[in-house]
Every structure is written in structure tokens, then in C-alpha cells.
Amino acid sequence: MLSPTSKRTKHIILFLIVGFSLAIASVLFPLLWSDITVAQTPASTITERVLSMERRLEEEFEDYFGEDLATVTQTPADISQILKQVGVETQTNPAVMWVIPKQDHLRLVLITARGETIERELFDVTPRVLKRTVQAFRQEVSAPNRRGPMVGARQLYRWIIEPYEADYLEAEGIDTILFCLGKGIRGIPMTALYDGEKFLVESYRVSRIPAFNLIQTDYQPLEKRQILAMGASEFAAHEPLPAVPTELDAILWSLDTSRRMMDRWDGQTFLNQDFTVDTLREHIEANPFDVVHLATHAEFRPGNPSQSYIQFWDRQLGLDQTGTVDWDLPPLELLVLSACRTALGDDTAELGFAGLALKAGVKSAIASLWYVSDFGTLALMSDFYQHLGVTTTKAAALRQAQLNMLHGDVRVEDNQLVLSEGKIVLPPELQSTGLEDLSHPFYWAGFTLISSPW
């Protein structure tokens, strides 16, 4: 039996052990769960962090394009209010997510229409680990014959989506995500992130933005509008694009003859020798087009904007020259480049891609991170235009076309391209290419909506 003195000594020792353990826990737990402590940061501090992050992004694009851009003024509260307003107008529930690699970790910030700003700091995701995973992901989606486990896509999903998925994205019914991606990850196809059972595109509408303060946030429904569709199938210094004539015809068919009279669009097409910069300028200045579709080679290359270009019949239009075209007469809702290629892994090339709509002065753009097969491009674009103006947003139209390819609803049967509504008879030169399995992410994930999803 212990003496009273021994009992007191034992209690004192236990008290000291418990106190010491709690002290250690108070130090270690914030380090292990730093994302939880960030959520308790004062609102004024979070506001300044978001503004500072947006300013740095703005400066990156200003340095790249060599010109002053919009001043960063919208706070998290302002951004939430815009999301709420546009959500009501479009019957969607949007959120903005910044994914910014830092020197020793990955920083995530989510702003929802409910006024919440949630920060996450992933210190186990160092630049070296992130780069290796991004490279693996690109290899998974760029090999159309590859059908193995998507390890890179799964890991990126864990890092970027899962920290918010249950408590915010799913709990609040968010259906549209505007991704603002930082250096080193601007070239990843977000729709192909994979949770082990489904791709991100199966849950959300997606767009990528240069910075929220740099995009146009107004909403105008795309109903019964006008389109200018131009392109080339033959080139002096590039591979031919034999599907382009069919693509241009399919676009007008999708927007006109396949729709009810009240929903039909007006449009004009120009092919090969008629596909010139002067023709583009002339018709944009003379007609109130809402959408311009360019079916041609476009390259986003390393170096300054002059190294990146859109190929016309007569010459190349450098990315630095896109502002010389009056896209805003009236303001152009959408510019589509349907045969793009980006030097993935090069930050300047990916800056050019991410800043395409910004530099051209258009509200939204669609371009491809890599060159998809001529037939794959024909399939996605033909189906995309069947949904444009029928769904409430551009992001919804692109997502539906991507889903239709993923699920096999867009396919080839008996030398015909089967779309959501109707079929297109393939010309002889394209019939042998229809054997491609369009469900692989290679064919649909590279097509990306840039800037406004609305």
C-alpha cells in the first residue's frame, strides 16, 4: 500500500505528464492540420491574402503581355456576390478555386457564392513532388491507347478536390468551378482529374481563369445568335486538316438545321483561300457576330507572345497581334480555336494559353492543350454546338459534349458520326479514321474553356 506522500507524488507526476502531453499536442496539431487553423484566420487577413494573390497573378500576365491590365479591386466578398448573382441568372452554383504552387507547398483557396473563403496549405506537396505527379498525369492523358490506372490523375484529385469535396463542393451543391492555376500547373487538363471511379467532368462544369479580377463576369444568354466559322484544310508548312470542311458544315448544321426554327442561328463560313486575316477583320466589323470559330493550326510556344500564333491561309496572326482585330464590335462572347497545340511544361507557353481570351479581348475562349486528331476535333466540336445556347452556359455546353464522348454517345456507326441530335455522313477520306475510341481523355480533356464559363 502506498503512503499518502507516495500517492501525492504519483498524482503530481501524472499531472505533469498530462500537462506536458497537452503542450506537445498544442504545438504539433497545428502543424499536422494547418488547413484547419487557416480557416480560423481573421477575415481581414484572408481578404488581404486573396488580393495579394490576385495582384501577383495580374503582374505575371502584365509582364508576359507587356501591357497594363485591369486593376485588382475585387475582394472575396465582392467575388462571392458576383458568383451569387451570376448563379441566379444561369441557374448554377459556381465557386472559384485558386491552386497556387509555392516554394515549399501547394496553396489552395476556395470562394463560394455563400460568402465563404476557405484556405488550405498542403505542405507535403512540394514543387518537386508536384512536378513529378503532373508529368505522370500528362503521360496518362496524352497516350490514347493507354488504359492503365491513372495514378497521376488520382493523386491530383486527392490534393486539389478532396480537401473541399465533402464539406463544401458537395455540401453546397456547387456545380461550376473556375480554376485559377499557378505556375507549373497551368497546362493540366482539369476535367480529367480522377477520383478512382469518375472524372471531374462527370461532377462539375469547369473553366480556367487567369485571375478573377481579369475576366468579364456579366452574363448574356447565347440564344439565336450569329457565328463566323472559318478554317483551312490545306497548309504550306503544316499538316493538312482534312476534317475542317466537314467541321464547318457540321457547325452550321448543328446551329441551324438540327434546331427548331425559333432556336436557329445565322452563320457564315470561309474555307482555305478565303480564310484570311483581312476577311476576318472585314466581316467582324460589318456583322454583329457573337461567336468566331477558327478551325486551323494554332501554337502556344515558349517565349514572348509573338512566338505563339493562329495560322491563317495568308499568314500567321501572332498572339501579340490578336488585339489588332476588333473582336468587341460588338463584344465577342466566344472565340474557338479547334486545332491547338501548347508546349506543355513551359510556363510562358502556358501563360499564353491561359491568357488567350484576355489578350484577344473576348469574354471566353475554347482551345486545346494538345493537338487532338482531326476526327476527334470534328466529333467534339460538332456535338458542342448542338448544346451551345440550349444549355444556360458555355461551360455546360462543353461539359455535355465531353460527357457524350466519354460515355460513347458520340461515336461512329456505318460511316456516320453519331451526335446527340442526328448523324453526319462522313466523307470517304474520314471514314477510316472513325475507328478511334473517343472515350479516352486524350480526345476530350484537352479542350478547355478559358475565362468566363458563362
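K363 and D218 meet through their side chains in a salt bridge, with an N to O distance of 3.8 Å. The pair links distant parts of the chain. K363 sits in the loop between helix 11 (356-360) and strand 12, whereas D218 sits in the loop between strand 5 and strand 6 (226-231). The two residues are 145 residues apart. K363 counts as buried, at 2% relative accessibility. D218, at 38%, counts as partly exposed. The model is predicted.

The count of salt bridges comes to 18. Another joins the side chains of E60 and R186 at 3.2 Å, N to O. E60 lies in helix 3 (residues 43-65) and R186 in the loop between strand 4 (176-181) and strand 5, so the pair ties together parts 126 residues apart in sequence. E60 is partly exposed, with a relative accessible area of 27%. R186 is buried, at 2% relative accessibility.

The side chains of R205 and D175 also form a salt bridge, at 3.3 Å, N to O. Distant parts of the chain are again linked: R205 belongs to strand 5, and D175 to the loop between helix 7 (162-170) and strand 4, 30 residues apart. R205 has a relative accessible area of 18%, so it counts as buried under the 20% cut-off. Elsewhere, R49, R107, E119 and E121 are linked in a network of salt bridges.

The chain as a whole contains 15 helices and 16 strands. Of its 454 residues, 56% are buried. Contacts with a separation of 6 or more come to 73% from residues 24 or more positions apart. The accessible surface is about 19300 Å², and carbon and sulfur atoms hold 52% of that area.

The largest nonpolar core has 149 residues. Within this core, W98, I160, F179, F212, W327 and L337 touch the most other members. Leaving out residues up to four places away in sequence, W327 touches L280, I284, V292, T322, L332, L335, A360 and V362.

Helix 13 (residues 394-406) has 13 residues, which at 1.5 Å a residue should span 18 Å. Its end C-alpha atoms are 18 Å apart, in agreement. Helix 13 is mostly covered, with twelve of its 13 residues buried. Among the buried residues are K394, R399, Q402 and N404, along with L398, L403, M405 and L406. The cover over the buried residues includes strand 5 (205-208), strand 11 (334-342), strand 12 (364-368), helix 12 (374-387), helix 15 (441-444) and strand 16 (447-451). G408 follows helix 13 and has a positive phi, near 80°.

Methods
Residues are numbered from 1 along each chain as its sequence is written. This is a predicted model: local features need pLDDT of at least 70, side-chain atom pairs count only at pLDDT 80 or more; totals for chains, interfaces and linings use all residues. Side-chain values use heavy atoms; hydrogens and water are left out. Helices (H or I, at least four residues) and strands (E, at least two) are DSSP runs, numbered from the N terminus. The expected span of a helix is 1.5 Å times one less than its number of residues. Buried means under 20% relative accessible area, exposed over 50%, partly exposed in between (1.4 Å probe, protein chains only). Contact means heavy atoms within 4.5 Å. Accessible areas come from the Shrake-Rupley method with a 1.4 Å probe; for residues, only the protein chains shown count as cover. A nonpolar core is a set of buried Ala, Val, Leu, Ile, Met, Phe, Trp, Tyr and Cys residues joined through side-chain atoms within 4.5 Å. A salt bridge is a side-chain nitrogen of Lys or Arg within 4 Å of a carboxyl oxygen of Asp or Glu.
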